[in-house]
Amino acid sequence: MKETITRALSGILFISLLVASLLNQHALIILFFIFGIIAIAEFKKLIGLKSFVPYIVFTILYFIFGYWQLLMNSSEGLDEATQILQVITIFVQLLLIKDLFSEKVIPLFITKRFILTTFYVSSAFVFLILIANFNHTFTPKLLLGSFIIVWVNDSFAYIVGKNFGKQKLFPSISPKKTVEGFLGGLLFSCIASYFIATYTETLNFNNWLILAVIISVIGTIGDLIESKFKRQANVKDSGVIMPGHGGLLDRFDSIIFAAPFIYLFLRILHYVS
């Protein structure tokens, strides 16, 4: 009972901080910078990287894309740089997906450790900020809607999987995840997209429905990839900063993997509309 209360309180605190930060662009940028630093620290520990360089790289990327481009309302030369960052990030993620489906452990030679901290964690927080400021307009409801889909997917994947799950989804990495749970999370995420489209008045239902599928599927893969990193490191959680939940990376594993794909979809919508 005590553990349940602790878990609930830390979850409420996390959501409250996130929602409150969406009310102000400066607050959002500062909060996600702090989240990014914590996530990098946790990931460095998972992969055994003892270097200060990832913090410097993250600060530079975050300053350029999260401050200069957005708060200074300048995008000269940065639109092209953002596209390059996105291509490299998605390429690295595709390599991680390949590693996920390989029976071998994820190779973690020193160069790859720096690549992963940069294009798996650091760039993801850049894209989360870019989603909230898409098309140089502060639209935090886009980011909030994306987080809501993640929360709905995780919650109903757990509920459906616990009550009806029989077929294991990826037993070698995450024994508790089931195919039924995955489909349940996907279904309820699609249902949630209708309400998000109705009450946020950002994108239409069809676009939010596509985003729900993207976030549910890609987010689940991101969850599994982080689970494989934890299994290799022989730890249950990425950290202890959130009592009852584990580390910050445990809470962001789905959204950080989905973020570049969400932003890619938004860019496609922008160009075709």
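Predicted model: local features only at pLDDT ≥ 70, side-chain atom pairs only at ≥ 80, totals over all residues.

Residues are numbered from 1 along each chain as its sequence is written, and side-chain values use heavy atoms, with hydrogens and water left out.

The largest nonpolar core holds 76 residues. A nonpolar core here is a set of buried Ala, Val, Leu, Ile, Met, Phe, Trp, Tyr and Cys residues joined through side-chain atoms within 4.5 Å. Buried means under 20% relative accessible area, exposed over 50%, and partly exposed in between (1.4 Å probe, protein chains only). Phe32, Tyr120, Phe125, Phe229 and Phe252 have the most contacts inside the core.

Which helix gives the core its largest share? That's H9 (residues 248–272), with 14 residues. Helices are DSSP runs (H or I, at least four residues), as are strands (E, at least two), and both are numbered from the N terminus. Of the 25 residues in H9, 19 are buried, so the helix is mostly covered by that definition.

H9 reaches 36 Å from its first C-alpha to its last, close to the expected 36 Å; the expected span is 1.5 Å times one less than the number of residues. There's a bend, though: about 40 degrees at Ala259, with Pro260 following within four residues. The bend is the angle between axes fitted to the seven residues ending at a position and the seven starting there.

Phe252 touches Phe14, Phe32, Phe35, Phe125, Leu128 and Phe147, leaving out residues up to four places away in sequence; contact means heavy atoms within 4.5 Å. Ile255, also in H9, is buried at a relative accessible area of 1%. Beyond its neighbours within four places, Ile255 contacts Leu128, Ser146, Phe147, Val150 and Ile262. Its C-alpha is 8.4 Å from that of Ala124, 131 residues away along the chain.

Over in helix H8 (residues 205–233) sits Ile218, buried with a relative accessible area of 14%.

Strands S1 (residues 168–170) and S2 (residues 174–178) pair antiparallel over 2 bridges; pairing takes at least two DSSP bridges. The two form a hairpin with 3 residues between them, and Phe170 stands opposite Ser174 in S2.

**Salt bridges**

How many salt bridges turn up in the whole structure? There are 5, counting a side-chain nitrogen of Lys or Arg within 4 Å of a carboxyl oxygen of Asp or Glu. Here are some of them:

| Pair | Closest N to O distance |
|---|---|
| Asp99 and Lys98 | 3.4 Å |
| Lys230 and Asp250 | 3.0 Å |

Lys230 and Glu226 are separated by about one helical turn because they are 4 residues apart in H8. The pair of Lys230 in H8 and Asp250 in H9 links distant parts of the chain, 20 residues apart. Lys230 and Asp250 are both buried, and so is Glu226. Lys98, Asp99 and Lys112 are linked in a salt-bridge network, and Asp99 is buried with a relative accessible area of 5%.
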